[in-house]
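Subject: Structure handover

Dear colleague,

I am passing on the structure below, together with some notes on what was found in it. Please have the sequence and the 3D view open while you read.

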Amino acid sequence: MSHPNPPAAARLPDGLVLIIEDEPEIVDIVPAYLARDGLRTASAGDGREGLRQHLALKPDLVLLDVKIPEPDGWQVLAELRRRGDTPVIMLTAHDQDLDKLLALRVGADDYVVKPFNPAEVVARVRAVLRRARAGGQGNGGNAGMLRCGPLEIDLDTHQARAVVDGVSTPLPLTLTEFRLAVYLARTPQRVVSRAELLAGCLPEGDALERTVDSHISKLRRKLEEAGVAGMPFSLRGVGYRMMAPT
């Protein structure tokens, strides 16, 4: 369900918010508040439809409920992060620090606990949009470019390259290698377990954790061939980080 026509006072909308939520009351109330603030909205009642609309509409921000069906909010968030940098605010009924830390760790930009004041949600949306736009300007105007040392990843075109001594070398990465590179490069100093990489980058099958080691090894070899040594960095028995400790 979409809400393409905001009230007359908001005829010049400056952003599109995709609401992935299955509670009718929230789907009715939140779009009205966002529209009054000049934002367009679209909504989806489950994860599958939300992902479809994300591809079709390319929203400026996603409000994502944790407990949506088919697939749930965590799986949708992981897929959104593989696709790019669309800002995401998670909605949840559980006010637990562990939940919040998990949401922010896997790529959420903010977190709102139900029940909430719709005006607070509007304020959070505005704040995240401001940060996202400022971040894009600070990155040469290309919000789809992720840089991590000599590694450059274009999230819009799904291309990666190594820039060493002014020489740019394209990296022939497979889809899984690209996903791993993006996942690690977002937080290059954080150690990521094999289990987390498996869930975030190889969710389609029944792969084992040692499969992650194989893909990481191939990614590292391609980076070495392009003149980049020591990435990703391995911590024996723990996991991986994109860059070695400084």
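The residues that line the largest cavity are Ala78, Arg81, Arg82, Arg179, Val182, Tyr183, Arg186 and Cys201. Two elements, α3 and α6 (175-186), each give two or more residues to this lining, and the largest share, four residues, comes from α6. Sorted by class, the lining of the largest cavity has four nonpolar and four charged residues, and no polar ones. The space inside the largest cavity comes to about 40 Å³, and the structure holds one cavity of 30 Å³ or more. Please keep in mind throughout that this is a predicted model.

One of the residues that line the cavity, Arg81, is also among the residues touched by Thr86. Thr86 is found in the loop between α3 (73-83) and β5 (88-92), and with a relative accessibility of 13% it counts as buried. Leaving aside residues up to four places away in sequence, Thr86 touches His54, Pro59, Asp60, Leu61, Val62, Arg81 and Asp109. With His54 there is also a polar contact, which runs from side chain to side chain at 3.0 Å.

The salt bridges come next, and the structure holds 17 of them. As background, side chains of opposite charge can pair when their charged atoms come close. Glu21 and Lys114 pair through their side chains in a salt bridge, at 3.1 Å from N to O. Because Glu21 lies in the loop between β2 (16-20) and α1 (24-36), while Lys114 lies in the loop between β6 (110-113) and α5 (118-138), the pair ties together parts that are 93 residues apart in sequence. Both Glu21 and Lys114 are buried, the relative accessible area of Lys114 being 13%.

Lys114 also forms a salt bridge with Glu23, where the closest N and O atoms are 2.8 Å apart. Glu23 lies in the loop between β2 and α1 and Lys114 in the loop between β6 and α5, so this pair ties together parts that are 91 residues apart in sequence. Glu23 is partly exposed, with a relative accessible area of 36%. Glu21, Glu23 and Lys114 belong, along with Asp65, to a network of salt bridges.

A further salt bridge joins Arg52 and Glu49, with 2.7 Å between the closest N and O atoms. These two residues are separated by about one helical turn, because they stand three residues apart in helix α2 (residues 47-57). Arg52 is partly exposed, with a relative accessible area of 48%, and Glu49 is partly exposed as well, with a value of 26%.

Finally, some points on the backbone deserve a look. The peptide bond from Glu70 to Pro71 is cis, with omega near -15°, and Pro71 is found in the loop between β4 (61-65) and α3. Glu70, found in the loop between β4 and α3, has a phi near 55°, which is a positive value in a residue other than glycine. At 49% relative accessibility, Glu70 counts as partly exposed. Another cis peptide bond joins Met231 and Pro232, with omega at about -10°, and Pro232 is found in the loop between α8 (209-225) and β12 (233-235). Asp165, a residue other than glycine, has a positive phi, near 50°; Asp165 lies in the loop between β9 (159-164) and β10 (167-171) and is exposed, with a relative accessible area of 78%.

With kind regards

Notes. Residues are numbered from 1 along each chain as its sequence is written. This is a predicted model: local features need pLDDT of at least 70, side-chain atom pairs count only at pLDDT 80 or more; totals for chains, interfaces and linings use all residues. Side-chain values use heavy atoms; hydrogens and water are left out. A salt bridge is a side-chain nitrogen of Lys or Arg within 4 Å of a carboxyl oxygen of Asp or Glu. Buried means under 20% relative accessible area, exposed over 50%, partly exposed in between (1.4 Å probe, protein chains only). A polar contact is a pair of N or O atoms within 3.5 Å; within protein, one must be able to donate a hydrogen and the other to accept it, and residues adjacent in sequence count only if both atoms are side-chain atoms. Contact means heavy atoms within 4.5 Å. On a 1 Å grid over the protein atoms alone, a cavity is a set of points where a 1.4 Å probe fits but cannot get out, and a pocket is an open set with protein on both sides within 12 Å along at least five of seven lines; lining residues have an atom within 4 Å of a point. Grid points are joined across faces, edges and corners, and a volume is the space filled by probe spheres set on the points. Ala, Val, Leu, Ile, Met, Phe, Trp, Tyr, Cys and Pro count as nonpolar, Asp, Glu, Lys and Arg as charged, and the others, Gly among them, as polar.
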